[in-house]
Amino acid sequence: MKSASRLQAYGCLTLAMIMVGSSVVVARHLVMDIPVFWALGLRFSIALIVVLPVLFRLLFKIRRHVRDCLILFCQAFFGAFLFNVFMLYGLKTESAALGGIMAGTTPIIMALIATMFYGERPKGMALIGIVISGLGILLANSAGFMAAHGGMGSLQGIVFIILAYGSEAVFLLLRKSVSSAISDMEASAVITLAGFLFFLPTAYIVAPTFQVSSLRIEQWYVLLYYGLIVTVAAYWFWFRGVAAVPASEAGAFVGVMPASGVLLAALILHEPLSIVDGLGCLFVMCGIIMAACPKFFFSFSVTVWNRASSLNRF
């Protein structure tokens with residue numbers, strides 16, 4: 001792959017994870033007043049309106065790509081359905097900081113899936129980068145989590161959040177199983193349709209008495225952001241990036257999601273942010289560079305070491 005194309009893929013992966021990281025903060029606002037399934041059903045309803053023209057275009061070639069559409073629906077089940085249900089139920093009892101700290105498992109799960117199902121074995125530096133990125137995720141969230149809880153939270157909430165990130169790992173890699181004949185926007189549109197079909201009917205069954213008309217204008221703004229940015233835009237950027245790089249490199253970029261999540265939680269929700277959080281974000285950045293640009297990281301480290309050694313001589 002040309003370096004320009006690789007850099008473009010890295011940019012897409014980074015933007016996608018920043019958008020998804022913001023969902024931890026947005027979800028925290030939603031689950032306070034809106035039933036979980038209604039929040040998700042309305043999110044995908046808004047997103048579906050935007051992608052309808054893409055779906056109509058896809059109808060003309062769906063017969064030739066039935067397998068791809070089935071994979072996308074399966075991908076939607078893991079990413080759009082299971083991830084959101086587990087995460088939103090987890091955030092009902094836990095803080096957004098905990099929602100970020102448990103994401104440390106995602107890069108490692110992605111590396112295991114890539115090895116088992118795609119035959120992509122991460123090399124030495126990439127593997128170290130994945131581990132460091134995971135450690136950075138833990139550091140970036142640990143201080144805020146301990147300050148909020150003073151210890152471990154409820155077991156149920158923790159299990160829900162772990163299951164959420166396990167489902168997300170499967171979702172993030174399944175795009176590699178879809179042929180290139182399905183564009184990134186078409187893939188995003190199919191998953192949006194699947195999310196709509198999963199959630200809106202379920203919302204009527206689970207919470208039939210909820211009145212959409214009771215939503216305040218600021219809640220509609222949050223839902224609009226959730227539908228357009230966290231759903232359509234984030235899916236498109238991730239699909240565009242993950243199809244162009246090895247799974248091990250993409251896995252390291254997952255660290256951007258919780259790192260941005262904990263920073264946004266501090267800025268918007270005023271959750272604690274400490275030096276340890278900043279150190280964790282630095283670890284995430286180093287892990288990404290190690291996995292994506294091992295030669296650059298090695299030469300940069302050697303240069304820094306040589307300069308530090310020369311200064312010590314004086």
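Select Val-20, Glu-168, Phe-171, Val-230 and Tyr-235: of the 16 residues that line the largest cavity, these lie nearest its centre. A cavity here is a set of points, on a 1 Å grid over the protein atoms alone, where a 1.4 Å probe fits but cannot get out, and lining residues have an atom within 4 Å of a point. This is a predicted model, in which local features need pLDDT of at least 70 and side-chain atom pairs count only at pLDDT 80 or more, while totals for chains, interfaces and linings use all residues. Residues are numbered from 1 along each chain as its sequence is written, and side-chain values use heavy atoms, leaving out hydrogens and water.

The volume of the largest cavity is about 120 Å³, taken as the space filled by probe spheres set on the points, which are joined across faces, edges and corners.

Next, select helices H1 (3-33), H3 (66-90), H7 (155-174) and H9 (217-242), each of which supplies at least two residues of that lining. Helices are DSSP runs of H or I with at least four residues, and strands are runs of E with at least two, numbered from the N terminus. Which helix gives the most to the lining? H9 does, with six residues.

Colour by burial: 51% of the 314 residues are buried (under 20% relative accessible area, with a 1.4 Å probe and protein chains only).

Definitions and conventions:
On a 1 Å grid over the protein atoms alone, a cavity is a set of points where a 1.4 Å probe fits but cannot get out, and a pocket is an open set with protein on both sides within 12 Å along at least five of seven lines; lining residues have an atom within 4 Å of a point. Buried means under 20% relative accessible area, exposed over 50%, partly exposed in between (1.4 Å probe, protein chains only).
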